[in-house]
Structures are given as structure tokens and as C-alpha cells.
Amino acid sequence: MPPRATHTSAKAKTAQSSNNHPDLLELARHLSAAEFGRLHEIETYVQENIRQQSVEPWNQEALPVEMLHRLGDLGLGELFTDGSSQLFQGLAHAALARADVSLSSIIGIHNELIVGTINTLGSSEQRERWLPGLKRLTTLGAFCLTEPDHGSDIAGGLATSATLEGGHWRIRGSKRWIGLGTVADVAVVWARDTADHQIKGFLVPTDTPGYQAQKITHKTGLRIMQNAEVELDLSVPESALMPKATSFAATSEGLRGSRAWVGWQAVGAQQALFDIARSYAVTREQFGKPLASFQLIQVALATMAGNLAVSTAFMGELTRLQEEGRLTMLRASLAKATLTRIARESAASARDVLGGNGILSTHEVAKIAGDIDAIFTYEGSHGINMLIAGRDLTGVSAFA
Ligand SMILES: Cc1cc2nc3c(=O)[nH]c(=O)nc-3n(C[C@H](O)[C@H](O)[C@H](O)COP(=O)(O)OP(=O)(O)OC[C@H]3O[C@@H](n4cnc5c(N)ncnc54)[C@H](O)[C@@H]3O)c2cc1C
């Protein structure tokens, strides 16, 4: 396998010599000069305009839509389709997660499961109608798969029905946990065709009579991401069916890429934890000395840096395989499950370094820890991703 080209600009050299830069493995040096510059622009923007500014909306469970529009201006709504390298996409997702995990969840699902699904499985009319606004993030989408009674067993259990009657699809059912369900313009709805019992994907404008969404409140993580219960009792034209979304295999294809993206979220979240814990340790004094001078604190920071390096290395290699078209579900599930588990461990260490302040969302670590708990579960729970990997590794299914 040819080695990746390396790029060493002045900025890369600065990052290399800095003792607090979280990209220990300097993955960004493999980007082209243009992508390296674009990544730096995104990193700078989100650190200056999103990181601190997202704390209060997180506390309030509010969606700062204007922040999404700014992310659209930075081109983050079209990462999936603008020809960016996989490595750039991954590092951009990590950069956003480092500033705020909720917004990175919205942007990740938007790219992987909304734009990606419509672009890959939709008709040319559907692409022309929805993609321009989605790419600019002036149009928002919701991915409606999970149901109140079917989460992990959604493939076999999905109960929302779609019946073709007189040139229209009649769709009935309930969805749960749907990100942006209350504010989206278009919903990607997965329903079971009552004729052939296959799971099919439909594009439903959310102003269709019979689409109703209720925000889920009291979440302890991803509080900016508006999740919803969605009730569907509606009728859409026959053309709402995405032509290539005619079985659960089509959904799985998208979920593979999105599980890999969650691995990048775990990288970015751990970068943030390291940033915050390190900065706290060098400034807070106890016993007349900075916390950073105590061996136990250094072990905590070094453990976090090691976890981050392992996570980054995993994603760097996974991205390389992705670029070669060799991202298997085993690899994606293992990355998602393993990196979110490691990120939870890093969150516990960071919370400890901050003492009592570690449980205040205003000091960010508690906010990030709650967010990591949520990404540990979505895109397939930790357990289910491990079972997917276990089935692949042994040839034996342990699901039931
Ligand atoms: C913040 C957030 C955002 C989300 N966003 C979306 C979204 O935008 N769109 C969408 O469609 N969905 C979304 N989801 C849903 C998410 O994908 C599901 O929560 C996830 O698949 C788990 O389903 P569940 O919550 O019903 O848990 P359950 O399936 O009830 O699982 C509960 C526990 O049982 C375990 N378990 C289940 N079956 C087995 C088994 N056979 N063997 C061993 N253990 C098992 C699981 O691992 C888990 O630990 C989101 C969820 C969250 C929390």
C-alpha cells in the first residue's frame, strides 16, 4: 500500500511542537494543502464561535439555528458530496465535535444519513428538489428509523406501514428519538410496504398533514440536538418513495458510514476533554502548586492522551480503508463501539481532574460526558455493535 503523502506547512510544524495540541499523531499532515487550510479555518471558527457559545443552549435544551447556518456557510452541509477526502471529512467532524458534540451529531446525521441517503438512493427529481437547500443547511432533514417499540430490533420489528393506494402511499406509524424531528423540513421515513413486507425509504415534507412531532425533553446528553417522538398518519404521492431504498440493506449501507463517523465524534470529544482537563490542571492550584505537578493528575492526562492517540490511529486507518472502498460493517461497528467506550473512560478521568467543577456543564466536561453517553447508544447501542462484530468474528449470531 502506498504511503500517504505528507504535508508539512508552518502551521503543521507549530502543531507538532506544541505540547497541548491534541492531534498527537498529526493525522492532518496527510491532507492536501488546500484541505489542511480549510480544516484550520473550520477549527478556528468553531473554537471561537461555537465552543463557549454552545454551553447555554445546551443547558436550555435549545437549538441555535443561526449556528447551523454559519456551519452551512463553512460548507459543512455538503461534506458528503463536495469531493472532500474521507480524511478531511473525518477531521472536520472531529473538529466540530471538539467544539460541541450536539452540533456535530446534527451535522454528521445530516451528511451521512440525510444528504447521503437522498444522494445515493433518491431519484434525480428528489435530488434536485432537496439537495441544494440541504447542502447549504437552509433546509434541514430528519432520519426517521427508530420506533417506540423497536430500537435494536428495528430490522425485523419495524412496524410503521406503507400501503400504495390509488397513486399515493398511505404511511402510518410512530417514530422515536428522531433528531431535528420538530424543526426539519423533510423527513426520511422508513416504513414497511404492506404488499411485499420490505422496509422502504420515503421523503416526506414535514408540512404534510398527518406529520406530528413532539420534542423529547430532560435528556442528559446531546441536549442541543432536538430529538422527537413523531406520529405519522399521512398520504404522499407515489414519487415520494426513493427508487433505490427498497429493502433494509439500503438502510444498512448508510448506517455503516455513519457508524464510522461516530468514531470521529469520539475523537473530537476526547480532544475537547483533553483540552479542558489540561488547561484546568495547569491553572488550578492546590497545596500551593498547580494540579499538573501531581503525579496522579499527570497519569490521568497521559491516559487521556493515550486513549486519544489510539482512537485517532484507529480512525486514520479506517479512513484509509474507506477511501479504498473497504469499510466493512465489522470495522465500522468495532470503531463506533470501541471508541465511544474509550471516550467514556476519558470523560471519567477528565471529570476527576476538575474535582467538583467536573460535574458543572459550565466547565464543559460534564456537558461532554453526557454527550458521550448519548453517542455510546445511538447509531446502534454499544452492545448491538459489539454483537454485530462478534457475529462477524465467530460466524455465530448471538442476537437472540
Ligand atoms: C440522542 C439520540 C439520538 C438519536 N437519534 C436518532 C435519529 O435521528 N433517528 C433514529 O431513527 N434513531 C435515533 N436514535 C435511536 C437510537 O438509534 C436507538 O436509541 C438505539 O438504536 C437503541 O435503541 P433503544 O434505545 O430502543 O434501546 P433498546 O433496543 O431497547 O436496547 C436497550 C438495551 O438492551 C440491549 N439489547 C437490545 N437487544 C439486545 C440483544 N439482542 N442482546 C443483548 N443486548 C441487547 C441494548 O444494547 C441496550 O443496552 C437516537 C438515540 C439517541 C439516544
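Guide: What follows is a walk around the ligand. This is a predicted model, where local features need pLDDT of at least 70, side-chain atom pairs count only at pLDDT 80 or more, and totals for chains, interfaces and linings use all residues. Residues are numbered from 1 along each chain as its sequence is written, and side-chain values use heavy atoms, with hydrogens and water left out.

Start with the shell. There are 18 residues around the ligand, each with a heavy atom within 4 Å of it. Phe143, Thr146, Ser152, Ser381 and Phe399 come nearest. The shell holds nine nonpolar residues, eight polar and one charged. Here Asp, Glu, Lys and Arg count as charged; Ala, Val, Leu, Ile, Met, Phe, Trp, Tyr, Cys and Pro as nonpolar; the others, Gly among them, as polar.

Now the polar contacts (pairs of N or O atoms within 3.5 Å). A backbone N or O atom of Phe399 is 2.5 Å from a ligand nitrogen. For Phe143, a backbone N or O atom lies 2.8 Å from a nitrogen of the ligand. For Trp177, the distance from such a backbone atom to a ligand nitrogen is 3.0 Å. On its own, the ligand has 980 Å² of accessible area (Shrake-Rupley method, 1.4 Å probe). The protein covers 66% of that area.

Last, the domains, whose bounds come from an automatic or database assignment. Domain 2 (141-246) and domain 3 (249-394) each give the shell at least three residues.

Conventions
Polar contact = N/O pair within 3.5 Å; in protein donor to acceptor, adjacent residues only side chain to side chain.
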